[in-house]
Amino acid sequence: MNPKLPYVLLAGAAVIIFILSCMLLSRGRRSPSCESQPNTVDKTGSMSQSLVFADLTPEEMVQVVQYLQGNLGVQLVDASRAKPSDNCIASVDLQVPAKAEVLRFLDGGGAHPAREALAVLYFGNQPDPNVTEYVVGPLPTPAYHRDVTVQKYGGKVPYHRRPMLGSEYKQVAAFLETVAFAAAPSFLQEVLEYDSTSMAFQTTAPHGFQSGDRKSWFILFQNVSGFFLHPVGLEVLVDHSSLDVSQWAVSRVFYNGQYYRDMVQLESAYVQGRISVEKVRKAPWDGDFSSMKPRAPSAALFPLQYEPQGPRYSIRKNLVLFQAWSFAFGMSVSTGLRLFDIRHKGERVAYEMSVQEALSVYGSNCPGGMSTRYMDGSFGLGRYTSPLVRGVDCPYLATYLDVHYLANSQVPRSTKNALCIFEQNLGSPLRRHYSNLQSLYYGGLVNSALVVRSIATVGNYDYVWDFIFYQNGAIEGKVQATGYPSSSFLHGDGLRYGNRLWEHTLGMIRTHSFNYKVDLDVGGLKNSLVAHDMAFEMTRAPWSPEQQIERPRLTKKVLDTEDQAAFRLQSKMPRYIYFAANSKNKWGHQRGYRIQITSFAGDHIPEASSMERAISWARYQLAVTRRKEEEPTSTSIYNQNDPWTPTVAFADFINNETITNEDLVAWITTGFLHIPHSEDIPNTVTVGNSVGFLLRPYNYYDLDPSIYSHDGVFFTNEQDFMACEINPLACLPKTASCLPNFPPFTYDGFQNMSRL
């Protein structure tokens with residue numbers, strides 16, 4: 001044995017112990033916290049130009065309510081407890097100033113437009129009940145109001161067109177319980193095991209078949225979690241057109257495929273054994289199959305996103321700054337998320353991008369389902385914006401903002417964490433190339449984009465609304481649908497109208513259509529609409545004339561009139577259609593922004609329908625019109641309850657006016673057909689139910705502006721790609737080896753729930 005061997009072994013053991021000790025110590029040492037940039041939400045910053053678009057503050061809403069209470073000369077009842085025969089304030093929202101005024105202020109050094117509110121009032125307690133809209137200002141201390149109803153709509157708004165208040169829903173529920181259901185005690189108790197808390201109902205809309213009707217089918221469900229999937233087979237048609245609640249009546253009753261005059265006749269038929277009874281198994285309180293409680297225990301945590309050096313965007317009141325982008329944001333009570341004054345590299349590319357409407361048209365062999373055409377703006381896409389859950393609805397470390405609104409009450413309400421803003425690494429390159437020919441190099445850019453998101457929960461459906469800003473100057477508007485599929489009671493030929501989802505549950509076929517307003521200002525206020533596409537042409541090969549070549553060529557057309565620029569839903573549309581500026585890029589092309597639509601829309605309701613004009617925006621996948629201050633929206637909150645005489649008919653916007661070198665607006669419709677299937681239980685997923693549009697630079701720049709991004713990566717075979725100054729990714733162990741500061745999880749979504 002070598003006498004030196006023990007010493008060698010001891011030395012080796014000491015080295016191993018030292019290495020292991022270092023490893024253990026390093027594991028026990030906590031990584032440093034990620035550096036954070038200054039607070040991204042500036043709550044005390046100076047007044048900026050973007051505030052011309054800012055939502056009303058709760059204090060301003062209170063001032064408007066107090067002004068109206070003291071200056072209209074009529075008694076105003078709180079809308080939360082108003083009867084149809086009362087006067088009340090239905091909603092208060094920002095009155096967006098006229099575009100010309102705003103541009104003089106933003107671009108020409110003009111005066112700040114007056115800050116005003118738009119108040120919607122129901123006047124039920126007067127000889128001629130009607131809905132009146134007032135502009136109230138100036139804020140924050142109102143001193144005047146003016147009636148703008150006739151100016152906006154060409155006449156008074158009849159009272160029957162008013163959207164239902166939460167108080168009216170409660171009054172209908174009380175009528176059903178105390179009057180309608182009292183007439184059929186045996187049927188309700190023995191067939192439905194009814195008590196005052198065991199049933200939930202869902203209303204339908206529109207309310208009837210002609211102007212003036214206010215008759216609504218109320219579909220009954222078991223009152224359990226996910227009740228939308230638990231129909232019991234009973235539907236009741238309530239005539240609530242009278243302003244006197246005591247005059248309300250049941251007009252018709254439907255049960256398991258049969259119609260009855262009223263609840264009295266249903267009870268009589270049941271007692272006499274002349275009714276086909278289909279008893280529904282009573283569901284547990286959690287809904288059983290409709291429960292969203294996970295069926296598996298928690299396991300390894302899903303991936304999280306964080307910003308190792310803090311957010312790269314900033315928020316100053318209602319202004320967002322991100323790399324080359326800036327824009328103002330807001331939330332309309334009725335239409336939801338909207339953006340204004342959208343600029344890239346300091347130049348305005350769009351004045352407004354806003355959601356206009358979400359429409360769903362249902363089919364069923366039950367009366368409630370077959371008569372449903374929901375126009376969700378009437379219920380309030382902004383009002384029903386829901387609180388967001390960190391880590392699920394948006395990334396955990398997103399910036400969350402509250403939204404304030406006044407609707408169905410004279411007291412402002414707040415929705416906590418109703419908006420989220422975050423930068424997202426989409427996990428794929430925005431562009432890249434690996435060269436192994438001639439020269440050896442790699443160049444690429446991570447696709448990191450800024451997302452602005454809100455989620456509206458209107459009844460059974462949840463709509464995820466996104467506006468996304470990319471580094472190449474593109475903007476995406478996207479909506480994803482999730483939530484519960486609404487259902488009918490399965491009977492008779494029900495499978496003609498959908499798929500069976502459970503024992504008595506029919507998932508009704510429906511179409512979803514979403515309308516957007518996009519007011520592009522490309523290179524200035526005046527634009528034209530240009531279409532580029534392709535066609536094959538036959539030619540002889542110049543070097544071999546006996547041979548023929550089929551080659552694609554570029555086709556070009558200027559669309560001169562609104563009629564030419566109105567593309568029907570299922571018609572062929574030019575694949576490149578863009579707003580063209582009066583200026584040109586370095587290569588002599590008109591600078592432009594292209595509109596690219598992603599849609600899987602079902603068919604539009606036949607135009608012969610008596611209510612089609614109320615949703616005539618859905619005829620078109622794209623319609624471009626002259627911008628007019630008197631055409632601010634494609635629809636109206638009053639269209640839902642009187643679609644037969646629509647307050648706003650979008651089809652009237654298209655009257656063959658010239659659109660060459662004018663201030664133009666694009667009205668974009670996207671959507672999908674939904675045939676619910678077993679995988680929609682318990683919930684519809686967003687995968688495959690995402691539609692929207694892109695606005696993409698088209699010869700707007702001289703080259704791709706993302707080449708100036710600080711996120712670019714480039715190295716050649718001759719460079720040291722492990723050096724930080726060559727390849728910043730090589731430094732991630734230093735620059736990103738930190739622990740994010742996760743704020744504690746909070747959620748306020750179950751507070752202040754009286755939002756009907």
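I began with the feature "domain: Copper amine oxidase N2-terminal", which UniProt, in an unreviewed entry, places at residues 75–144; such positions are in the numbering used here, feature names are shortened, and annotations may be inferred rather than shown by experiment. I noted that this is a predicted model, in which local features need pLDDT of at least 70 and side-chain atom pairs count only at pLDDT 80 or more, while totals for chains, interfaces and linings use all residues. Residues are numbered from 1 along each chain as its sequence is written, and side-chain values use heavy atoms, with hydrogens and water left out.

For residues 75–144 I looked up the end C-alpha atoms, which lie 18 Å apart, and the make-up of the span, which is 13% helix and 37% strand (helices are DSSP runs of H or I with at least four residues, strands are runs of E with at least two, numbered from the N terminus).

Next I looked up the disulfides, taking each as a pair of cysteine sulfur atoms within 2.5 Å, and the count came to two. In one of them, Cys394 and Cys420 have their sulfur atoms 2.1 Å apart; the torsion about their S-S bond is about -75°, so this disulfide is left-handed. The pair links distant parts of the chain, 26 residues apart, with Cys394 in the loop between α9 (376–379) and β18 (399–407) and Cys420 in strand β19 (residues 413–437).

I then checked burial (buried is under 20% relative accessible area, exposed over 50%, partly exposed in between, with a 1.4 Å probe and protein chains only), and found both Cys394 and Cys420 buried.

The other entry joins Cys724 to Cys731, S to S 1.5 Å; here Cys724 is partly exposed at 33%, whereas Cys731 is buried at 8%.
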